[in-house]
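Subject: Structure handover

Hello,

Here is the structure for you to look at. Please keep it open while you read the notes below it.

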Amino acid sequence: MVSAMKGTFYGLGVGPGDPDLLTVKAYRILQEADVIITPTKKMGKPSIAYKIVESHIAPQTQVVEMSFPMISLSKERETLEKQWKQNADEIEVLLNQGKSVVFLTLGDPMVFSTYSYVMEFLLDRGIEVITLSGIPSFCNLAAQINVPLTQGEESLGIVAMTQPLEEIRQILDAHKNIVIMKVSANNAVLAEELEARGLEHSFVLVSNIGMESQSIVRDIEVLKGKIPYLSTLLIKKDYDIKL
């Protein structure tokens, strides 16, 4: 895997939480990697993505923490872009040493992932980038409860509670099936929006998917309270969810 010139940069989706849900290819890349990048919102605090795959990483592999502040993209874009560039610079130094570098990310690297911003910086510099898909939380959510995301000609909308409220409302009104990600960012407001549309019995909330602490609830009152950071919600307008 190590090139005489530059190394290869891998974006690796670790899935929603269960280490056994890694793909065979992702496992192989983890075993062969020279460097593992573990993104964290606070230095010194291991990322959830790293904890998921820690048992699959070879002992000799170098592990590097990189800071990715949890601040609003719309309000603090300049600050975030500066951090993304700094992280890309550090990754490029490692790649110039001929090392293979793996960036860990929860779920899938192309779904609401900070990896994608660093990836763009490196692609612009002509660096080889290989992205390995992971299982998104909402796909595993549907599998856990045996409820289809879509059937026939139904539509599926995906939105995060970090987006503007008007965008969230548009998605809620436009689709029969809706996935809500980053629920804990504004869960009380989401509960209000569901009640306003008569959808308080048409959703399921799954937290810490695939982990020992996984929970599945359908109580709107629970949604109004404090919920875990790793929570995803599925709305089915025309489907009787039976748990």
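Is I158 buried, partly exposed or exposed? I158 is partly exposed, because its relative accessibility is 35%; the class covers values between buried (under 20% relative accessible area) and exposed (over 50%), with a 1.4 Å probe and protein chains only.

The model is predicted, so local features need pLDDT of at least 70 and side-chain atom pairs count only at pLDDT 80 or more, while totals for chains, interfaces and linings use all residues. Residues are numbered from 1 along each chain as its sequence is written, and side-chain values use heavy atoms, with hydrogens and water left out.

Surface patch

I158 belongs to strand 6 (residues 156–160); strands (E, at least two residues) and helices (H or I, at least four) are DSSP runs numbered from the N terminus. Together with F112 and L156, I158 forms a nonpolar patch on the surface, with about 220 Å² of accessible area in total. Such a patch takes residues with over 30% relative accessible area and no salt bridge, and joins nonpolar side chains (Val, Leu, Ile, Met, Phe, Trp, Tyr) within 5 Å. Areas come from the Shrake-Rupley method with a 1.4 Å probe, and for residues only the protein chains shown count as cover.

Strand 10

Strand 10 (residues 231–236) is largely enclosed by the rest of the structure, because six of its six residues are buried. In a regular strand the side chains alternate between the two faces of the sheet. In strand 10, S231, L233 and I235 are buried on one side, and T232, L234 and K236 on the other.

Strand 10 runs antiparallel to strand 7 (residues 177–181), joined by four bridges; two strands pair if DSSP finds at least two bridges between them. Within this pairing, I178 stands opposite I235. Strand 8 (residues 203–207) also pairs with strand 10 in the antiparallel sense, over five bridges, and there V204 has L234 as its partner.

Salt bridges

The count is twelve salt bridges, each a side-chain nitrogen of Lys or Arg within 4 Å of a carboxyl oxygen of Asp or Glu. One of them joins E92 and K6, at 3.7 Å from N to O. E92 lies in helix 3 (residues 77–96) and K6 in the segment before strand 1 (9–13), so the pair ties together parts 86 residues apart in sequence. E92 is buried at 17%, whereas K6 is partly exposed at 35%.

Regards

Technical notes: Patch = residues over 30% accessible without salt bridge, like charges linked within 9 Å, V, L, I, M, F, W, Y side chains within 5 Å.
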